[in-house]
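Please have the picture open while I talk.

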There are 8 protein chains.
Amino acid sequence: MNHNDLPALLEQWRSGQLTVADFDAAMREHYATTAVVDGALIDLDRVRRCGFPEVVYGAGKSPDQVLQIFMAQEQAGQASLVTRATNEQADVITSRFPDAVHNAVARTIRRGLAQPSGSSGRIAVLTAGSTDRPVAEEAVETARWMGCDVRLITDVGVAGPQRLIDRRHEFADMDAVVVVAGMEGALPSVVGGWIDCPVVGVPTSVGYGAQLQGLAPLLSMLNSCAANVCVVNIDSGFKGGYFAGLIARRRVSS
Amino acid sequence: MNHNDLPALLEQWRSGQLTVADFDAAMREHYATTAVVDGALIDLDRVRRCGFPEVVYGAGKSPDQVLQIFMAQEQAGQASLVTRATNEQADVITSRFPDAVHNAVARTIRRGLAQPSGSSGRIAVLTAGSTDRPVAEEAVETARWMGCDVRLITDVGVAGPQRLIDRRHEFADMDAVVVVAGMEGALPSVVGGWIDCPVVGVPTSVGYGAQLQGLAPLLSMLNSCAANVCVVNIDSGFKGGYFAGLIARRRVSS
Amino acid sequence: MNHNDLPALLEQWRSGQLTVADFDAAMREHYATTAVVDGALIDLDRVRRCGFPEVVYGAGKSPDQVLQIFMAQEQAGQASLVTRATNEQADVITSRFPDAVHNAVARTIRRGLAQPSGSSGRIAVLTAGSTDRPVAEEAVETARWMGCDVRLITDVGVAGPQRLIDRRHEFADMDAVVVVAGMEGALPSVVGGWIDCPVVGVPTSVGYGAQLQGLAPLLSMLNSCAANVCVVNIDSGFKGGYFAGLIARRRVSS
Amino acid sequence: MNHNDLPALLEQWRSGQLTVADFDAAMREHYATTAVVDGALIDLDRVRRCGFPEVVYGAGKSPDQVLQIFMAQEQAGQASLVTRATNEQADVITSRFPDAVHNAVARTIRRGLAQPSGSSGRIAVLTAGSTDRPVAEEAVETARWMGCDVRLITDVGVAGPQRLIDRRHEFADMDAVVVVAGMEGALPSVVGGWIDCPVVGVPTSVGYGAQLQGLAPLLSMLNSCAANVCVVNIDSGFKGGYFAGLIARRRVSS
Amino acid sequence: MNHNDLPALLEQWRSGQLTVADFDAAMREHYATTAVVDGALIDLDRVRRCGFPEVVYGAGKSPDQVLQIFMAQEQAGQASLVTRATNEQADVITSRFPDAVHNAVARTIRRGLAQPSGSSGRIAVLTAGSTDRPVAEEAVETARWMGCDVRLITDVGVAGPQRLIDRRHEFADMDAVVVVAGMEGALPSVVGGWIDCPVVGVPTSVGYGAQLQGLAPLLSMLNSCAANVCVVNIDSGFKGGYFAGLIARRRVSS
Amino acid sequence: MNHNDLPALLEQWRSGQLTVADFDAAMREHYATTAVVDGALIDLDRVRRCGFPEVVYGAGKSPDQVLQIFMAQEQAGQASLVTRATNEQADVITSRFPDAVHNAVARTIRRGLAQPSGSSGRIAVLTAGSTDRPVAEEAVETARWMGCDVRLITDVGVAGPQRLIDRRHEFADMDAVVVVAGMEGALPSVVGGWIDCPVVGVPTSVGYGAQLQGLAPLLSMLNSCAANVCVVNIDSGFKGGYFAGLIARRRVSS
Amino acid sequence: MNHNDLPALLEQWRSGQLTVADFDAAMREHYATTAVVDGALIDLDRVRRCGFPEVVYGAGKSPDQVLQIFMAQEQAGQASLVTRATNEQADVITSRFPDAVHNAVARTIRRGLAQPSGSSGRIAVLTAGSTDRPVAEEAVETARWMGCDVRLITDVGVAGPQRLIDRRHEFADMDAVVVVAGMEGALPSVVGGWIDCPVVGVPTSVGYGAQLQGLAPLLSMLNSCAANVCVVNIDSGFKGGYFAGLIARRRVSS
Amino acid sequence: MNHNDLPALLEQWRSGQLTVADFDAAMREHYATTAVVDGALIDLDRVRRCGFPEVVYGAGKSPDQVLQIFMAQEQAGQASLVTRATNEQADVITSRFPDAVHNAVARTIRRGLAQPSGSSGRIAVLTAGSTDRPVAEEAVETARWMGCDVRLITDVGVAGPQRLIDRRHEFADMDAVVVVAGMEGALPSVVGGWIDCPVVGVPTSVGYGAQLQGLAPLLSMLNSCAANVCVVNIDSGFKGGYFAGLIARRRVSS
């Protein structure tokens, strides 16, 4: 059973052909749900439930632990993504999996999902300033791993308003836009006022004292006067990219 | 020029056939950008930029002001939505526009967008408890106004976990899910773990002392271990519904 | 001795012709420093030290108390300004001083400073949305009382970015600009990016839950990426207008 | 006099056979209340008042100081527990007391209470993710030191909901359950909804920016919609295990 | 199947005689899980999962809604408890159910659980000052509803330390102690230092400015130097009493 | 076109001789808006819009990157200022541009604006204590770079009130005063009470625990009872100096 | 035994003539420790322990309850003080005790301590602005009840610095000074810089948005650069007056 | 003129024999107000205004800077105290001034005030736990420097309540008591309930997560139900000792 079987099973449940217990049993049968890697549990069932494999948080893991997770996911026919990856982890992974992509600025290692033709939608990732770049790159890598066509547009913060205006055509007809901003976090609101697609705001912890390690732009984005702006956690480029990827994928799957 | 002309104009700009100045001029020419109603400015240009008309915040406005805004938007061929509407406003609007829909629990008045056939995607709105209902209804009304097919599923909070499990089939294959929760705000994380579509968390200010008027569930949702959860402002059913509506609309437009 | 004598006295002190004790004595001699009005002390010396008379906070004062303060200030040849004024106070003041100006939206009563010719500089006051208006009007009235030429520009929030762009010529060559904004408070940063004069940000307590009664825009403005933005207290239209008035007055006095 | 004599003495006080002064005197007589170890005071009376010996906070103490405390407690016939212990302390203790148990992940050293037969109740300790493990191990070690039968169940966070459901039988009939969770801290609420025994929530400081070093899950647990959830301090595995141990001991002692 | 069948079913699951699906099915079969009362869902399954019926939050419900919930619970053979009850609700309930107990200070209505003989353990509820009383009474009523023998000890705050000392015999050998305190919330720590049973701290919102509506005692209790103190939400007498009731019930059931 | 042409262009726009599109085109034509230096964008258009060149935040940049920015700005005929500069950056810059000024306490490198004759107004920078000095020096350097005549007055905190009083003549007739203070941040309020010019408060993160890394003086300055006090971000000597420089420049330009 | 016997008893304890148990027994014998008034406990022992009778918090008490407390304290030969008193309570008390003093601004009723000759030290109470007056009056009444000679000095806030300087002689040689201030709370620091006696800061909740109901001046006073400033709770005129009274009493008793 | 002349001068001012200007001049004449030491200003006038010399904050100063300050104060006949002193500073000072006292735990160096006979009152400094000791020692050293007779009583936290009770005679008749406590900060309230003299609470930053670097005990102490408790800043042993020293000195000077 693959991901595409889910609608059929749901329909059977709805129509009474399956009880909830039978539905759950069918789900369990088709999937090895958990791999145990060096004491850590890897949720191999997540593809079924959520559409994408479990993503690995690299900080604090040994290169060998990360490698074994990649191998367990490969064995299950699944792709892999590590965030907050170290260079040591990258060396070990890329020598074993030459097709793995390491981005040192983003601190990610990814090994692609099968995507024979076409892409899963288009995404733009914008940054206010150059210090927001590592978070933005993490968003870019995550969305690319999900199969999206991603464009990175940097340094269009509101202190230089004409820069954003002159580049509107580069992000005006995306499926989703991720906006990464520290300081006062005004950029998602301004971007949201120019376009008609969902905007995912990612506040960063970049700034002076009253920036409060990202709380200032977080609050700013939550209170955005633009209705098409939602927010994820501070410095969470991964979540920004992932959420945008889920939105963008919609267009393709329909 | 209507909303569908935008891609062509953008293409001309990109290919150099239009300068940015000419592009802006073309934009301005085709739209009366602003109506002045009783001292307030109505942004009639928002449909072009953002895909939907300006939404009116009803609190503090007289029934007559709201009526004039509806009339200005009708004149421009645009739909209308009022949030935080009073019963007095509803009486005036519905007697002038019998097709307007008033929802007293949601405190909304809406007058539909033209949608000749089909819908703009499917959305589920879930609540943790019964006190979260007004916020959820505001989300429902907003998404319906945008043309979505919306299902409201109430009282599936985590204190009764089997209730959510037994109703998974009702929200498992939506385009987007809005989850409205007060108290500790755990529901979006739990829902996010079961499904593969984007989840928009709406924290509510429902709870005892340390709930801090919604800050507790807001923080909870921002830190969700489920990667498919984003967040909008406390008690902002409108934003939750609007954002989900934008996501859902994708499927249809492609 | 009037305000213009101060530089001469300072020079004498610097050159050793006056000791600090003599300087203080000279200051005291020429001014009746304090009037006692119904138990409250009015600082009539403030004109000398700070350039403008003491401003009266009206909330909690009886109409008669306010009247007596106006009379005491008139007797000392000084102008008067009441903020947070009630309609009852306004009735009493304007029937005694027909030249007093009452602004019910701003909740101010002012009686002008002597300004024989010309004005004390030009100021623009901008608002993001219509709910910010009372705070903006307080700023307008305060700056007018100080002799400034003030222009009020409303509803140019970032959700409708073209509105601000199309009206830049109205605030591009002011001496100072006051920007009043609630929600996420992004407007001062955006305005600051377009112009070269000082911008005084006034956060307002307008918004939903996570706006935190104005803390969100306050933090936003403090962290502005535009270097020409400073901040005053939440909802403090008076301080915004006063500070801008002090800046604008510079141009004239030189 | 040992701990079991307390009820008799209390009864005498209640019935008037003992005055409060006599009661206090009787208490004092039978216990050497305080040992002085290298300038620090060890409360040897705590067993009488609270049922367990004083627990030592190891951070900042020299190995020799810790050793002397163990020896003083041994002399008084009391068990010992050190939290936040270093490896250096462990080396010194275990070479002198070979029966002492060192857990390097938990950073604890314990030397058991006398427990000839049976145990003091059953406890499960659950973690949401693998980074919560050190705090969970501290809880495990503390409860074991108190004589409880403890089961550790890891990695059952809400992002993989089926994992918790499939393992309910492992924690469904415990005397108390400790739930250790960082991120949004939703797990105690979900666990509380499945079982009928007390749940002690231990928030951890694991997470991104808006997790606020554990404040987010702390607030989440305090606002739990499950009525059987209480909370202890952030990262306080010791308190979580101790409190659960006190609850579990009840069953045995009755 | 009643609550006592659960251990047998769990054993069958553990031994492999039941799959998790069969276990869940067995659970569902024996219980009507949900009653629908006037649009609200009542979780009749909670007795099975959690040992006690769902408790009703009275605020915002009509007397008739509350009555229907009582009737649905009676029909299922379950007891009832309403917190934050109004006098109007109490009048309706007590005229229909003369055995229902209304406590106007606690704002509770309860209708007892079947308890043929003996009680479910002993609990003391202590208050620091007289303003803490309504919260304490809510705790008392909740624990009594659960079948506990409850003693209320008032006004033993630390400003009069001899009062607590002289009354130690009244709470020294309880199964659990609930301590309700506002101001600085020091009482749970002091009580925790005198006794050996679990202490449940309930902070109240009683106090001056920097008490921050209960945050000061909440933080105080979370940081208690006494290891036997846990905490529930501000002003949550219900949760304090419920949690203590769960602990106390242990002794009886074993 | 230079900065002085702006008023003429604005006038043409106002009078209808220029459309907004033509105005924007005229702006773009005359300025190379952006230089790309080693991946970072330098906004060379900022002089036109804001009156001063873009200021470079040195932290995290290599000496070579900073050097290239200086060279790009020199090529455009613009001055340069680096804040948070390192000694390594200073060595490289000053060997290439001997006229550059490095201040190691302020951590700034500046290369002057053309200022053939006279200055751009007078500014005083005051500090409360000696630990506030680095922030104050940053303000001094920034204002000097803008062409102002700046006087630094140190150690006049309110614990020694006579020191401020005895030195009033040194700051009594400035165009603007910057007050840098940590601890309780009372100094701007006290200074504001003595003088008639704008006071820019800069809170610093100097102090013990409840100083909260500068939040205490930040709040203090925002609530100043002196109406002539505005505030910039914590430790932001640059912004304090820049804002004061903008105010002071007014006098000269008129 | 009266308050003066305490030193002798302490000496006997120290010298071994009394055990701690005998000491406590002697304490108990001489005092009726608690009166029960309408369900509330009055701590009549407080005079012995703390030197002054228990003070009654009037809010929420009926006039009759307050009266009975006065009568119980009179019977024990003790004085009485009610804070947050209502006019109704005052009417009842003063008609029964004509020597009771009601201050409607302070909301206090006091009935004096026996003080045959002389006073218990001198105290000044200063306010920054007129809105701080009710809190200041509460401090005045409390200190007068304790037998102090109290002077109230109003409206000497730092916006008018010469007012404080010119009145230094009125508070320069007090035993203690209470400073009541809202807004930014700078006054205690400034006063502390001028004098050599202890200063008790009382922050008030007077101000605009970022004053945060008194948190701004509270933090300001805690961080005072003057070493002779301590702080009590927001709006707590009672505690400010009481603490100053304890300090002032010292001089007299020695 | 020495400190004792102040009352006479104040009397002359009050009686009109001196103007405020003459009074200030007399003050200035008799004191060299400021010494300049290596760029830092030392306020030698503080003895006159505040009764004690300026205290030096050692952190960040070179040993030589500290030495020069000692020498400048010696030359003016003044004592010296350094807080946050380093061992290097101590070596330099004590080799030049053998009578200087260095306390490495307290991180203080003091050189005594002249105190020919008797002491300036008695003070007790109490700590809750051993980690509070450095802060307590700073208080002890400061008060000793002021001439007080100081007793340090450690480890009497509320987790072992009998320890405090058994040692009451050691602090029951002091002039002032300083209580240093981290964790929940309950000790000052408990101490305040036993004694009749002023209690100065010093919160420390000792504890787990929700202790918030001392904010928890700070709030606790501010909300103390004991009326004789005031508070100084977190970890500020110096201020606690200084304030207590000012109180204690009263008794002696009268």
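Predicted model: local features only at pLDDT ≥ 70, side-chain atom pairs only at ≥ 80, totals over all residues.

Which residues is H:Val135 in contact with, once its neighbours within four places in sequence are left aside? They are H:Val180, H:Val202, H:Thr204, H:Asp235, H:Ser236 and H:Gly237, where contact means heavy atoms within 4.5 Å. H:Val135 itself lies in helix α6 of chain H, residues 133-145, and helices here are DSSP runs of H or I with at least four residues, while strands are runs of E with at least two, both numbered from the N terminus. With a relative accessible area of 11%, H:Val135 is buried, a word that stands for under 20% relative accessible area, taken with a 1.4 Å probe and protein chains only.

Residues are numbered from 1 along each chain as its sequence is written, chains are lettered from A and ligands numbered from 1 in the order in which they are written, and side-chain values use heavy atoms, with hydrogens and water left out.

Turning to chain A, we find 10 helices and 11 strands, and buried residues make up 66% of its 254 residues. Among the contacts in chain A between residues at least 6 apart in sequence, 64% join residues at least 24 apart.

Within chain A, the axes of helix α4 (residues 63-75) and helix α5 (residues 87-96) come within 8 Å and cross at roughly 35°, the axes being lines fitted to C-alpha atoms over the stretch in contact, with angles from 0 to 180 degrees between N-to-C directions. On the α4(A) side the contact is made by A:Pro63, A:Val66, A:Leu67, A:Phe70, A:Met71 and A:Glu74, and on the α5(A) side by A:Glu88, A:Gln89, A:Val92, A:Ile93 and A:Arg96.

Finally, how do the copies D and E relate? Chain D can be laid on chain E with an RMSD of 0.0 Å by a turn of 180° and a shift of 0.0 Å along the axis, superposed by least squares on the C-alpha atoms of residues with pLDDT of at least 70 in both. That is the relation of a two-fold axis. Since 100% of the interface residues of chain D are also interface residues in chain E, the copies meet through the same surface.

Methods: Buried < 20%, exposed > 50% of the residue type's maximum accessible area, 1.4 Å probe, protein only.
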